[in-house]
Amino acid sequence: MHHNHSQRWRRYRLLFFVVLAFSFVLVVAQTTTISRSQGYQTLKQRSGADLNRYLLSLQQKLDRYKDLPALLSSHSTLIDALDSQEDPFYTGQASVYLEQVNHSINAADVYLMNMEGTAIAASNWADARSFVGNNYAFRPYFQDAVVGKPGRYFALGTISKKRGYYFSYPVHLRSKIIGVVVVKIDLNEIESDWTDPDLDILVTDEDGVIFISTREDWKFRTLRPLTQADVQRIAESLRYGDHKLTALDIVSRQPGPEGGSLITLVDGQQIDNKALDGIKAREFLLQSRELEDSGLTVVVLASTKPVKLRMFYTALTTGFIFVALVLLVLFLSTRQRITRERARFKQKETQALEANEERVRAIIDNTQAGLITLDAQGRIESMNTMAEKLFGYSEDESRLEYFSKLLSQADRALFWQHLTAPDDDRQEELFTEARGMRADGSSFPIELIIGHMDYAAIKRFIVTIHDITQRKQYEEELQHARDLLEHRVEARTADLTDANLKLRDEIEKHKDTQNELIQTAKLAVLGQMSAGINHELNQPLTAIRTYADNARAFMQRDQMQPVEQNLNQISLLTDRMAKIIHPLKEFSRKTSGTPVPVCLQTVRDGAMSIMYGRLSKVQAEVNWPDNLRQVYVMGDTVRLEQVLVNLISNALQAMEALEMPVIKISLAESESEVCIEVRDFGPGIPKQDLDRVFEPFYTTKKAGQGLGLGLSISHRIIASMGGQLSVSNHPEGGALFRLRLPRASAPANVTGQTIG
């Protein structure tokens, strides 16, 4: 029965809140709708009045000047200037007259144009920006006037770049149009008078281009996108100079509730119709009216923010009143219920406190830490079960005994020092390790925490005790393991030191082996070049034999002069043979391996001397850079020659199928290094083998052409000099080896490089 009554009460309460919420929404919505209608009506009336006022102000400004061109067109000074425009006297008089007129009427400029559109007189004739001599035939106001119609036009000045409104009128002489007079006025002063922060005023031309605005960033923009033909037409007339006529970012446009149009406009960029940080989408009520006989339209954009604020405050006030009335009814209805519940709550609270005290006592008695409470003098007031087990005392036996009896003699001083310290100097908690004394006189290690608590305005202390006997045993075992580990580390360190010394000996031996391997590779290159060297030496030897036979014949005839010439030729041939053999001896000798400044021209000459015979045999061409004599690198001359000889030899082998192989060597320099690039025009290196090129015994040569150690040795040689040797395939074909070496300065005592 009680359960059914409770369910029925919950249903009634739910229905009550649903009806209450529906009533709240209905009342707030109705008042907000009424407020919105009234707000838009007020906004429309106020902005319409402002529109009429601004329209009248602009009309008065234009009416003040519209008849001036017609009045000026009949003046004899201007007619004489047009009739005798070749005479500077008349045009000068016209300019002075126009200057006086402009000073009187306070216009921007007044000027006179002939039938070709060229200004022959102007009020600003004495200024640096004088209109005199400029042609304005492209302006529509001129084109209207030369056919007999008064002209009106708004545009930027082609010289001043300032906005102006132009009035034009034809000048007649004996019923014939002979020129055009123009009055330009400045509308900036009207724009500066519009200062309403909630109202933006725009003036547009017949194309919808905004040329007057209270917002600087809206000038020279359009209310609607222009067609390409309109943009082209406006650009050809130079009406707005180089301004890009982009449309305003109008997100939506719809009829207003009380007339006009409601538009949502975004200043700047927008994503998914949501305003970005710092960029707000604003709603305006747009009203516009055309200015009669001017081609201008005045537009008023009134912000709808006041309407929305009015709606918000109306909804807020209505909601507040509604909620206040509901709360008042609820307060009165629940006040009686609270009174009835209060007595029942006190009874339950008393029962809960008793149950809570029993639960807390059970938790204290079953905790794994000993808990002891002390009075202000350090006497024991209570002990939990764990504390009784730890010390062997019961709570009744220890009550009103000093807690210090449970500590060893050495730890009691610290306890009393903390207990008797002034409140301002006492630590929040005393956390320390000590030794506890059991009832049987034995001691054990404990972790002691003494904190203070205030209960019922009485100072008390609570002591927490943990038995750390097992932890101390673990610490002793851990210390023993640490000592044993340190001993093992020392023994292992000694073994590693011995192994390190042996490894250094092996490295020294390996360096000697590597140097021997490099020397062997050099001798192998010399062996490959032996055929070319034999060919080079055979020619001078044959010539020496011929010159010797000739000298013997001339001596028998007592012709000593030819004998001397033949002997001189034999001497020159022996020098040539020595030059052929000298680079080979230099190439084959061992070096110290210490990097020194090396001239690349010396390295080039040495490598070409060694490869001369082989290059001539296969008719190969090696293209070197021209500026090698000024470039120095840190390295070893002989070893660099060996690397370049190896790279050139590999390039020749890669181009065996070509009739006239070409090797291109280029140079790239920076402040810290020099890069030498050696490129052949062969088939290149397979992509999958690029990472293996510098591995020992890797080769793509035919059997008998090498063991595959040349590039591996070259790679080690360059690395020993602090450089780098890499390989890739050129995009246009062939292999490309890059040799990077540290840059060096030329020695101070070097003035030239010679080759022996």
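**A buried asparagine and its setting**

Modeller: Leaving aside residues up to four places away in sequence, Asn646 touches Gly710, Leu711 and Ser714, where contact means heavy atoms within 4.5 Å. This is a predicted model, in which local features need pLDDT of at least 70 and side-chain atom pairs count only at pLDDT 80 or more, whereas totals for chains, interfaces and linings use all residues. Residues are numbered from 1 along each chain as its sequence is written, and side-chain values use heavy atoms, with hydrogens and water left out.

Among these neighbours, Ser714 also meets Asn646 through a polar contact between the two side chains, at 3.0 Å. A polar contact is a pair of N or O atoms within 3.5 Å; within protein, one must be able to donate a hydrogen and the other to accept it, and residues adjacent in sequence count only if both atoms are side-chain atoms. Asn646 belongs to helix 16 (residues 637-654); helices (H or I, at least four residues) and strands (E, at least two) are DSSP runs, numbered from the N terminus. With a relative accessible area of 10%, Asn646 is buried, a term for residues under 20%, while exposed stands for over 50% and partly exposed for values in between (1.4 Å probe, protein chains only).

Of the contacts between residues at least 6 apart in sequence, 57% join residues at least 24 apart. The accessible surface of the chain is about 44,900 Å², and carbon and sulfur atoms account for 53% of that area, as computed by the Shrake-Rupley method with a 1.4 Å probe, where for residues only the protein chains shown count as cover.

Helix 4 (residues 88-105) shows how burial is arranged around a helix. Its 18 residues span 25 Å from first C-alpha to last, close to the 26 Å expected at 1.5 Å a residue, the expected span being 1.5 Å times one less than the number of residues. Thr91, Ala94, Ser95, Tyr97, Leu98, Val101, Asn102 and Ile105 are its buried residues. They cover an arc of only 170° around the axis and therefore sit on the same side of helix 4; the arc is that of the directions from the helix axis to the C-beta atoms. On the face turned away from this buried side are the exposed residues Pro88, Phe89, Gln100, His103 and Ser104. At the start of helix 4, a side-chain oxygen of Asp87 comes to within 3.0 Å of the backbone nitrogen of Phe89. Just after the helix, Asn106 adopts a positive phi of about 60°.

Helix 11 (residues 412-420) has Phe415, His418 and Leu419 buried. Seen down the axis, the buried residues of helix 11 fall within an arc of 100°, so they line one face. The face turned away from them carries the exposed residues Ala413, Gln417 and Thr420.

Glu447 is buried, at 13% relative accessible area, whereas Arg471 is partly exposed, at 32%. Both residues take part in a network of salt bridges that links Glu433, Glu447, Arg471, Lys472 and Glu475.

Another salt bridge joins Glu677 to Arg738 (3.1 Å, N to O). That pair links distant parts of the chain, with Glu677 in strand 23 (residues 673-679) and Arg738 in strand 25 (residues 735-744), 61 residues apart. Arg738 is partly exposed, with a relative accessible area of 25%. Asp375 and Arg379 also meet in a salt bridge (3.0 Å, N to O); there, Asp375 is buried at 9% relative accessible area and Arg379 is partly exposed at 29%.

Finally, Lys44 lies in helix 1 (residues 2-66) and is partly exposed, with a relative accessible area of 29%. Lys44 and Gly260 are 216 residues apart in sequence, yet their C-alpha atoms are 7.8 Å apart in space.

Key. A salt bridge is a side-chain nitrogen of Lys or Arg within 4 Å of a carboxyl oxygen of Asp or Glu.
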